[in-house]
Amino acid sequence: MRQIIDFFLNGTDQTWHKKIVRWMWLGVFAGVLGVALLFFGLSLTDLPSVADLENPEYEEATLILGSKADVLGRLYTQNRVEIQYDDLSPVLVQALVSTEDERYFKHTGIDFRALGRAVVKTGLLGQKSSGGASTITQQLAKLLFTGVKANSLPKRIMQKLKEWIIAVRLEKKYTKEEIIALYLNKFEFINGAYGIKAASEIYFNTAPDNLKTEEAALLVGMLKNPSLFNPIRRPDTVLHRRMVVLKQMQKNNLLDQTTYDSLRNLPLGLNFSRQTHIDGLAPYFRMEVAKDAKSILSRKDIRKPDGSKYDVYRDGLRIYTTIDSSMQRIAEEEMIRNMKKVQKSFNAVWKGMNPWTYKSDSEHEIPLDVRQRTLTKLIRNSDRYQALRSKYILPIVKEMAKEVDMTFHEDDREVERIIRESDKKGLLANLVSRSLISSSLAAEHRKAMKSKHFTKLKEKWAELQKVAEEEFDKEVQMKVFAYNDQMEKDTTLSPLDSIKYHRMFLQTGTVAIDPRNGHVKVWIGGINHKYFQFDHVKTRRQVGSTFKPFVYATAIQQQGLSPCHQVYDLPITIAPGDGQFYLGEPWTPQNSHGEYTGELFTLKEGLAKSKNTLSAWLMKQLGSAHPVRELVHQMGIDKNKKYPNGRYVLPPSPSISLGSADLTVMEMTGAYTTFANNGYYRKPIYILKIEDKNGKKIYEAYSNAEPALRQNHNYVMVEMLRYSGTGLHGIKSDVGGKTGTTNDYVDGWFMGVTPNLVVGTWVGGEDRWFRFRSIHYGQGAYMAKPFFREFIKRLEKSEQIEFDSKAKFYRPPGDLGIVLNCQEYEGEILPIDGDQEFQDELLDDGFGDEGFDTGTGTGSSTDGNEKQQ
């Protein structure tokens with residue numbers, strides 16, 4: 001050691017000088033070699049491959065796009081939409097670089113000057129405010145690949161070294177601009193804001209390229225620690241952090257002193273709004289698209305390059321749909337306006353009365369015990385009840401389910417059955433005898449009653465029912481649906497009264513389809529998706545007289561009947577042995593209140609006034625229900641579809657002539673497009689194509705035109721629908737339509753047709769005992785028809801929508817072969833059907849001619865002579 005000191009003092013010992021220089025060089029080489037070996041070793045670990053770097057993995061929201069490629073909404077687990085560098089505001093980039101990486105455009109992934117500063121000031125001098133050394137590229141590497149900060153120092157060092165390697169590789173693969181875009185797309189700005197696009201929308205209701213300087217500074221300030229600098233929870237802290245970012249911009253000569261002073265004193269200026277799947281237009285439609293897209297993407301011929309399935313919530317797909325956002329917006333506005341009016345009338349009808357306990361003389365009335373069971377099910381499906389259930393009986397139910405190998409539903413139907421059976425034997429046998437449960441299921445219930453957990457379950461069940469009753473009767477502050485600007489209001493109700501309150505609101509389902517190509521342009525599944533998630537577009541409800549045009553079309557096509565053909569308004573009976581109906585007893589449908597005028601009606605008058613007698617007469621002339629079922633099958637309503645119990649959705653019985661079938665708004669509207677499309681049916685479509693996030697098409701839909709009605713016969717039906725569609729005041733378009741009303745005024749329908757658009761609308765209660773109590777309000781002409789009228793009028797006036805009000809229904813050239821002008825018609829009047837003496841007695845009794853048509857037998861309709869609105 002002394003020799004070394006003498007050497008440095010005197011510089012005379014050449015031998016030691018050479019040795020020291022040699023060791024220093026050896027140290028340098030050893031260090032370089034060690035670092036090289038370390039980096040080489042790291043490169044063999046779990047670092048991302050070239051493919052990983054070129055296709056970085058992060059969840060991205062799927063976009064649902066309308067017919068004009070405008071965004072209707074998003075599907076996501078993380079609300080992230082990837083954008084490009086050109087979509088960023090310049091001030092955002094300036095704020096980012098000034099604050100996070102001043103020499104970003106000068107280094108190649110690692111800023112050695114900043115690294116040296118951090119080592120000396122932070123590592124040696126312990127200055128916590130000296131700033132970090134991570135570049136934007138390193139931060140991106142951490143977000144994409146290395147993850148959260150390691151716990152121990154050795155692991156943190158290894159993690160940092162990996163970030164350096166990845167950062168250098170990223171710089172080779174991407175431009176500086178692409179790296180900035182990747183970084184801002186990947187970063188989570190909390191409060192549901194994944195990526196800069198969602199953050200701009202959620203915090204400021206703007207796009208990233210429209211961000212102001214102070215807004216950009218706030219978002220860049222969050223990059224350091226979004227939880228700490230949360231503008232919702234810590235506004236003062238965020239205000240100070242924003243000032244730091246603005247100061248960095250001033251320091252880098254991007255802001256002058258005056259601008260800095262003015263911006264630092266501004267408030268945060270938040271325009272905060274949380275985003276969910278239901279935000280925006282057509283929420284019911286978008287939920288249906290999500291279900292359909294998942295089904296499409298599950299197909300074996302649609303796979304990612306690696307063979308895995310696409311995830312509609314994570315893979316950033318683009319789903320192109322047929323919805324016209326301008327039409328949808330108008331339709332939603334008019335729906336609210338119409339339903340608000342109808343609801344006001346409904347509330348007035350039921351004022352001081354309770355639909356849950358109301359009794360009438362109707363043979364179609366829903367029994368009180370069925371209503372009570374429905375109410376109980378609504379209670380048990382609520383979040384409040386499920387929370388109590390989890391506390392009191394769920395652990396026992398799970399153990400019992402394992403022991404007896406039996407399924408227990410969340411509404412506790414099985415638990416209630418076995419407890420009631422234990423209290424009074426015979427319930428299960430009764431359910432089996434009524435085919436409500438199978439004998440094997442009853443055996444499972446009896447096995448559960450022998451479980452070692454049953455006694456404890458029975459005890460806890462009693463406690464649960466007592467607590468639930470108390471909880472559901474206790475008034476609490478809550479928000480409920482209301483027809484106002486916010487579509488909700490604050491109130492105090494018990495949870496039970498809240499369920500009853502919301503059930504009192506009438507619902508609607510509406511679809512508008514372009515008949516020329518089958519594209520669904522409008523989809524409304526209910527009055528408000530936040531409070532009522534059930535979609536009524538694909539709900540089966542009795543269709544009433546809206547089905548009658550299919551019967552008339554069948555008769556016209558098969559028998560060449562003219563709309564001017566006359567039929568007596570008298571009872572028609574189809575007896576056992578008649579035709580191919582295979583009835584076990586006579587079927588004689590009635591008009592409203594059993595009234596018949598005894599007068600002659602033309603077919604077009606009979607359709608317009610919904611005379612059940614004329615529909616029954618046509619069905620008898622056809623000799624079978626099968627021709628009608630065949631026609632509607634060609635018009636898109638599947639004649640072979642069955643319910644789980646084996647019963648046909650479209651029954652092969654004469655009652656379908658009165659609209660006894662339960663069909664969906666989509667099925668009915670799709671079928672009616674045939675009339676508007678010259679007799680050709682196109683299956684309705686609403687998903688046109690799906691692309692992956694790179695623009696590669698992975699699915700495409702087509703709708704082919706299928707002939708259903710001959711052109712001349714179809715035009716005859718168009719004429720009849722024009723005649724039935726009167727009362728549409730103020731509409732300029734060539735228009736027709738048909739109303740529908742069902743037994744006890746439960747369902748109100750209107751099917752409207754124009755050359756450009758066919759609109760089907762249903763209105764009714766969630767449960768069939770929520771109904772009007774008279775034909776005055778309880779008919780399709782009041783409940784549904786006004787919506788169509790006002791909607792079409794708005795379309796005709798709109799400058800943003802391509803709706804041709806001058807378009808006309810196509811009439812085939814030449815002679816139709818069927819007389820349309822009733823003044824020229826000289827058809828034969830067929831003899832009165834049935835017992836002549838009985839018919840004479842009816843005429844002598846002088847039945848009035850103003851009665852509304854209703855069939856009081858199975859599958860009847862209730863909407864003849866409906867008031868025109």
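The model is predicted: local features need pLDDT of at least 70, side-chain atom pairs count only at pLDDT 80 or more, and totals for chains, interfaces and linings use all residues. Residues are numbered from 1 along each chain as its sequence is written, and side-chain values use heavy atoms, with hydrogens and water left out.

D569 lies in the loop between β9 (566–568) and β10 (600–602). Helices (H or I, at least four residues) and strands (E, at least two) are DSSP runs, numbered from the N terminus. The side chain of D569 makes a polar contact with the side chain of K611 (3.4 Å). A polar contact is a pair of N or O atoms within 3.5 Å; within protein, one must be able to donate a hydrogen and the other to accept it, and residues adjacent in sequence count only if both atoms are side-chain atoms. Beyond its neighbours within four places in sequence, D569 is in contact (heavy atoms within 4.5 Å) with N591, Y596, T597, G598, E599, F601, K611 and T613.

Strand β7 (residues 519–524) is also enclosed. Six of its six residues are buried, so β7 is largely enclosed by the rest of the structure. Strand β6 (residues 507–514) runs antiparallel to β7, joined by five bridges. Strands pair if DSSP finds at least two bridges between them. I513 stands opposite V520 in β7. Four residues separate β6 and β7 in this hairpin, and G518 in the turn has a positive phi of about 80°.

An open sheet of five strands has the order β2-β1-β3-β13-β14, with mixed pairing. β2 (71–75) and β14 (697–700) are the edge strands; each has a single partner strand, so one side of each lacks a neighbour in the sheet. The twist averages 20° from one strand to the next. β1 (residues 62–65) and β2 are antiparallel and share four bridges. L65 stands opposite V71 in β2. Helix α13 (residues 283–297) packs on the sheet and touches β1, β2, β3 (318–321), β13 (687–691) and β14. The direction of α13 makes about 60° with that of β2.

Axes are lines fitted to C-alpha atoms, for helices over the stretch in contact, and angles run from 0 to 180 degrees between N-to-C directions. The axes of α4 (residues 90–100) and α8 (residues 176–186) come within 12 Å and cross at roughly 90°. The two helices are therefore roughly perpendicular (65 to 115 degrees; under 35 is roughly parallel, over 145 roughly antiparallel, the rest oblique). L92, V93, L96 and V97 of α4 meet I180, Y183 and L184 of α8.

Terms used
Buried < 20%, exposed > 50% of the residue type's maximum accessible area, 1.4 Å probe, protein only.
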